[in-house]
Amino acid sequence: MLHAMSALQSAAALLCLFASPAPAVEPAAPWAHLKTLVGTWQRTDASTAAQKAFRIRYRLISADTALVEEFGDPAKQPTQTVFHPDGSRLLATHYCAQGNQPRLQLRVEAHDAMVFEFLDATNLRSSSDSHLVRLTFRWRDVDHLVREEVYAANGREEVGTLLLERTR
């Protein structure tokens, strides 16, 4: 009888183990840092009407397990980048207006900067086609940010830099 009870307790312990999901391993500090972007940002270096209409909005989705960046003029169809932990990695998938979806991985994280670099891409016909290869965030303070993106095409890189200020 003691043996049967012991087997029953072991089965119950196994059931509890499988019934409750294991906590996800996540890059806690970088992920927490990235989530500070939540809010709406505008360009401080804008000179044209189109540049002044430009906004970047960051919002959390899926029980705060993913951060969505909406990039562009909100009156038009903005592009999106989704950031999320993947075990010990922090990844970003950029849904580009060019129709490809580069995935980037966090490679450098410091108290005031994060650098995501190209990992792979879907729907990229050729590596010579234009695609996002690096995305950098540099915090000046909690409400001021430098966002730099690097696109590669035909073996050359083009850098775009935005100076941003939080509006909400």
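His84, in the predicted model described here, stands opposite Leu91 in strand 5, where strands are DSSP runs (E, at least two residues) numbered, like helices (H or I, at least four residues), from the N terminus. Residues are numbered from 1 along each chain as its sequence is written. Because this is a predicted model, local features need pLDDT of at least 70 and side-chain atom pairs count only at pLDDT 80 or more, whereas totals for chains, interfaces and linings use all residues; side-chain values use heavy atoms, with hydrogens and water left out.

Strand 4 (residues 79-86) and strand 5 (residues 89-95) run antiparallel and are joined by seven bridges, two strands being taken to pair if DSSP finds at least two bridges between them.

Strand 6 in turn pairs with strand 7 in the antiparallel sense over nine bridges, Pro102 having Ala121 of strand 7 as its bridge partner, and the hairpin that joins strand 6 to strand 7 passes through two residues.

His94 is found in strand 5 and counts as buried at 3% relative accessibility, since buried means under 20% relative accessible area, exposed over 50%, and partly exposed in between (1.4 Å probe, protein chains only). The side chain of His94 makes a polar contact of 2.8 Å with the side chain of Thr81; a polar contact is a pair of N or O atoms within 3.5 Å, of which, within protein, one must be able to donate a hydrogen and the other to accept it, and residues adjacent in sequence count only if both atoms are side-chain atoms. Apart from neighbours within four places in sequence, His94 is in contact with Thr79, Gln80, Thr81, Asn100, Gln101, Pro102, Leu132 and Tyr151.

Asn100 is located in the loop between strand 5 and strand 6 and is likewise buried, with a relative accessible area of 4%. A polar atom of the Asn100 side chain lies 3.0 Å from the backbone oxygen of Ser130. When residues up to four places away in sequence are not counted, Asn100 touches His94, Tyr95, Thr122, Asn123, Leu124, Ser130 and His131.

The loop between strand 2 and strand 3 contains Ser62, whose phi is near 50°, a positive value in a residue other than glycine. Ala63 is placed in the loop between strand 2 and strand 3 and has a positive phi near 55°, again in a residue other than glycine; Ala63 is exposed, with a relative accessible area of 74%.

How values were computed
Contact = heavy atoms within 4.5 Å.
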